[in-house]
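Have a look at the structure first, and then we'll go through it topic by topic.

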Amino acid sequence: MAEKPKVGCARPTGGLVGQAETVQPKEETQSAKEVRKMIQVGKPAPDFVAPAYCKGEFTAVKLSEHLGKWVVLCFYPGDFTFV
Amino acid sequence: MSVDSVFVHKMWNDKELSKMVEGGVPFPMLSDGGGKVGTAYGIYDEDAGVENRGRFIIDPEGIIQAYEVLTPPVGRHVAESLRQIQAFQLVRESKGTEATPSGWKPGKLTLKPGPDLVGRVWEVWSVDMESD
């Protein structure tokens, strides 16, 4: 029987069981991952559209529709997880 | 924004958050299944499959002015986020002529950067002004 994961603020996730090294990543994807830069202050926020729940409705939110206002964008690990 | 679906957002709002806040959450709860948006903002934890606790302040031109990232167990401080927004709003209103020193809160002294102030900040601002 698998051991019980500790319950914290990040969800317990699963994964494959077996050999550690599996598929060799392609040369291009490996260097693309290393080159990914940190997000920059003073630079435009990446625009996005995302599904949303707002005051009883399912809708979609696009960041650029809020230009002209100050926006606070908060990410968090998961619903129902304590903090 | 979290990786949870809009359905889980609705349930969390209806079952728990609306007990903490009258009327429930008054702003959109966004869904980022797969973490694509979180990845673009540099805060998606691929191994855990969840977003880290990142908070971004974006100005009316869509420019990121500040961000803060915490690991999951530690919560944010709302008053600090509000303080930062007020500071950025002051700077923007002054068209960049004013800056807010360390420990600034609304009503406290601001600085006016320029050649005259170089090496003379000590004349207008002291370390004990950092705290209340």
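**Where the chains pair up**

Leu73(A) has Phe56(B), in strand 4 of chain B, as its bridge partner. Keep in mind that this is a predicted model, where local features need pLDDT of at least 70, side-chain atom pairs count only at pLDDT 80 or more, and totals for chains, interfaces and linings use all residues. Residues are numbered from 1 along each chain as its sequence is written, while chains are lettered from A and ligands numbered from 1 in the order in which they are written. Helices (H or I, at least four residues) and strands (E, at least two) are DSSP runs, numbered from the N terminus.

- Strand 3 of chain A and strand 4 of chain B run antiparallel and are joined by 4 bridges; two strands pair if DSSP finds at least two bridges between them.
- That pairing belongs to an open, antiparallel sheet of 3 strands, ordered 3(A)-4(B)-5(B).
- Strand 3 (71-74) of chain A and strand 5 of chain B are the edges, each with a single partner strand, so one side of each has no neighbour in the sheet.
- From one strand to the next, the twist averages 10°.
- Helix 3 of chain B lies across strand 3 of chain A as well as strand 4 and strand 5 of chain B, at about 25° to strand 4 of chain B. Axes here are lines fitted to C-alpha atoms, for helices over the stretch in contact, with angles running from 0 to 180 degrees between N-to-C directions.

**The nonpolar core**

- The largest nonpolar core has 18 residues, and Phe56(B), Ile58(B) and Ile64(B) touch the most other members. Such a core is a set of buried Ala, Val, Leu, Ile, Met, Phe, Trp, Tyr and Cys residues joined through C-beta atoms within 7 Å.
- At least two residues of this core come from each of strand 1 (49-54) of chain A and strand 1 (29-30), strand 4 (53-58) and strand 5 (64-70) of chain B.
- Strand 4 of chain B gives the largest share, 3 residues.
- Because domain 1 (1-51) and domain 2 (52-132) of chain B both give residues to this core, it lies between them. The domain bounds come from an automatic or database domain assignment.
- Leaving out residues up to four places away in sequence, Phe56(B) touches Ala45(A), Leu73(A), Tyr41(B), Ile64(B) and Tyr67(B). Contact means that the C-beta atoms of two residues, placed from the backbone, lie within 7 Å.

**Contact between chains and domains**

- Chain B puts 47 residues into the contact and chain A puts in 38 residues.
- On the chain B side, the elements giving two or more residues include helix 1 (6-20), helix 2 (36-40) and helix 3 (78-93).
- That side of chain B has 25 nonpolar, 14 polar and 8 charged residues. Ala, Val, Leu, Ile, Met, Phe, Trp, Tyr, Cys and Pro count as nonpolar, Asp, Glu, Lys and Arg as charged, and the others, Gly among them, as polar.
- Within chain B, the C-alpha centres of domain 1 and domain 2 lie 28 Å apart.
- In chain B, 4 residues of domain 1 are in contact with 4 residues of domain 2; the domain 1 side has 2 nonpolar, no polar and 2 charged residues.

**Strand 1 of chain A**

- Chain A has 1 helix and 3 strands, in the order α-β-β-β from the N terminus on.
- Strand 1 of chain A and strand 1 of chain B run antiparallel, with 2 bridges joining them. Ala52(A) has Leu30(B) as its bridge partner, and Tyr53(A) has Met29(B).
- Strand 1 of chain A also runs antiparallel to strand 2 (residues 57-62) of chain A, through 6 bridges. Cys54(A) stands opposite Glu57(A) there.
- The hairpin of these two strands has 2 residues between them, and Lys55(A) takes a positive phi near 45°.
- The cut-offs are 20 or more other C-beta atoms within 10 Å for buried, 12 or fewer for exposed, and partly exposed in between, with C-beta atoms placed from the backbone.
- Beyond four places in sequence, Val49(A) is in contact with Ala60(A) and Lys62(A).
- Of the 83 residues in chain A, 11% are buried.
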